[in-house]
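Dear colleague,

I am handing over the structure below for your records.

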Amino acid sequence: MSLRQFQIQQQASGAVFEHPEEIYPLASHFGSPEKEYQAARESAVVFDLSNRDQIELSGADRQKFLHNFCTNDIKGLKPDQGCEAFITNVQSRILGQINAFLHEDSIWIDTAPGQSEEITKHLDRYIILEDAHLLVRTQEFGSLYLTGPRASDILKQLEIDVDSLEVFRQLRVKNSDARLTVRRVDWFGQPGYLCSLQYVKIAEFWNSLLEAGAVPAGRETFDALRIESLYPIYGVDLSDANLAQEASRTAQSISFKKGCYLGQEPIARIDALGHVNKEIRSIGLEGTWVPPVGATVTIGGDNEPEEAGIITSSARSFGKYPAVAMAVLRKNAYEPGTAVEVVAEDQKANGTVFTDLN
């Protein structure tokens, strides 16, 4: 199955590709973002996330090695357990945002689109005598993300029993000719399953999910859901300009008990200080205007507006707010409930800062 063939198959389900020039174009929507959003909150939707990168780390020293270069406790993982983490440099600036899952003989790393080259280049510098080997598997393996209140039921219809699958646990489906692995990652505050499988079989599995009741959904709905859940994406909302604690994922991604690793000392100092000077936050907007990336966030009203941050992503929504956005905000504006104004050229909208609408 080629990318073009899979796109044609998605187009048969109503997919609209607004950015076909991308290396791996994602459908923007499947005809009605509103219906997709409602299905995500009331039943289940499936997203094609095969633009995300996958890396396999093998070798006898794989756990110890990765443990020394990321913010979470990799050495504490048991087979089929996983965790979210940041790969940081010595200044604790973020070089990668990963989900790592332990297999018997390797660690599979799911990461943001286009990040595998930077991550492997960084880690490879430190492989000297260690028995550790990095292999990018993105071209061979794709990802579908199934999420919603009925997501578990849909997988069970396909005889994939995920009833006992806790968050950050995985199920390697027996007898799957596609090497299907189902990973529980509740990015949106509801059941979510990141399904990794050989790309040649992805269209077949996509059709099976649709036949079982999943609604196909596109990037617009994905962005609305992740912004409402304060789930930033590296390369979009985060970069190596951000310290690890600025990502608002400290509870999920940083272990303060794991011992030394690259970037650990600055992270520990920030923890002792109690705060950072800026953090990622989400903003609920009062109007339907979706501000562009780079729009300015201000506080203080019309009399003495003070710049407080920059929009990193935004989306139309159909939940509590008609539009939502994510921004890096300074400390004087990032408390939930803070009233802000978003401004871009001749347009502006009032908004409210929040951390999670779920």
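A charge is taken to sit over a ring if NZ of Lys or CZ of Arg is within 6 Å of the ring centre and within 35 degrees of the ring normal. Please note that this is a predicted model. In it, lysine 258 lies over the face of tyrosine 261, at 4.5 Å from the centre of the ring.

Nonpolar cores

The largest nonpolar core has 38 residues, and those that touch the most other members are Phe47, Tyr145 and Trp187. At least two residues of this core come from each of α2 (33-42), β1 (45-48), β4 (94-102), α7 (219-228) and β15 (323-330). Helix α7 makes the greatest contribution, with four residues.

Aromatic rings

The structure holds 16 aromatic pairs. One of them is formed by phenylalanine 65 and phenylalanine 69, whose rings are tilted, at 5.0 Å centre to centre with 50° between the planes. Both phenylalanine 65 and phenylalanine 69 are buried.

Tryptophan 187 and phenylalanine 222 form an edge-to-face pair, with 6.5 Å between the centres and 85° between the planes. Tryptophan 187 lies in the loop between β9 (181-184) and β10 (192-198), whereas phenylalanine 222 belongs to helix α7, so the pair ties together parts that are 35 residues apart in sequence. Buried means under 20% relative accessible area. Tryptophan 187, at 5%, is therefore buried, and phenylalanine 222, at 9%, also counts as buried.

Ring pairs link tryptophan 187 and phenylalanine 222 into a cluster with Phe47, Tyr145, Phe188 and Tyr231. Setting aside residues up to four places away in sequence, tryptophan 187 touches Leu49, Arg52, Asn99, Asp110, Tyr145, Leu194, Phe222, Ser229 and Tyr231.

Valine 167

Valine 167 is placed in the loop between α5 (151-157) and β8 (170-172). With a relative accessibility of 40%, valine 167 counts as partly exposed. Apart from neighbours within four places in sequence, valine 167 is in contact with Arg184 and Asp186. Its C-alpha atom is separated by 8.7 Å from that of glycine 82, a residue 85 positions away along the chain.

Yours sincerely

Conventions
Residues numbered from 1 in each chain as written. Predicted model: local features only at pLDDT ≥ 70, side-chain atom pairs only at ≥ 80, totals over all residues. Heavy atoms only, no water. Core = buried A, V, L, I, M, F, W, Y, C linked by side-chain atoms within 4.5 Å. Buried < 20%, exposed > 50% of the residue type's maximum accessible area, 1.4 Å probe, protein only. Contact = heavy atoms within 4.5 Å. Phe/Tyr/Trp six-rings, centres within 6.5 Å; stacked < 30°, edge-to-face > 60°.
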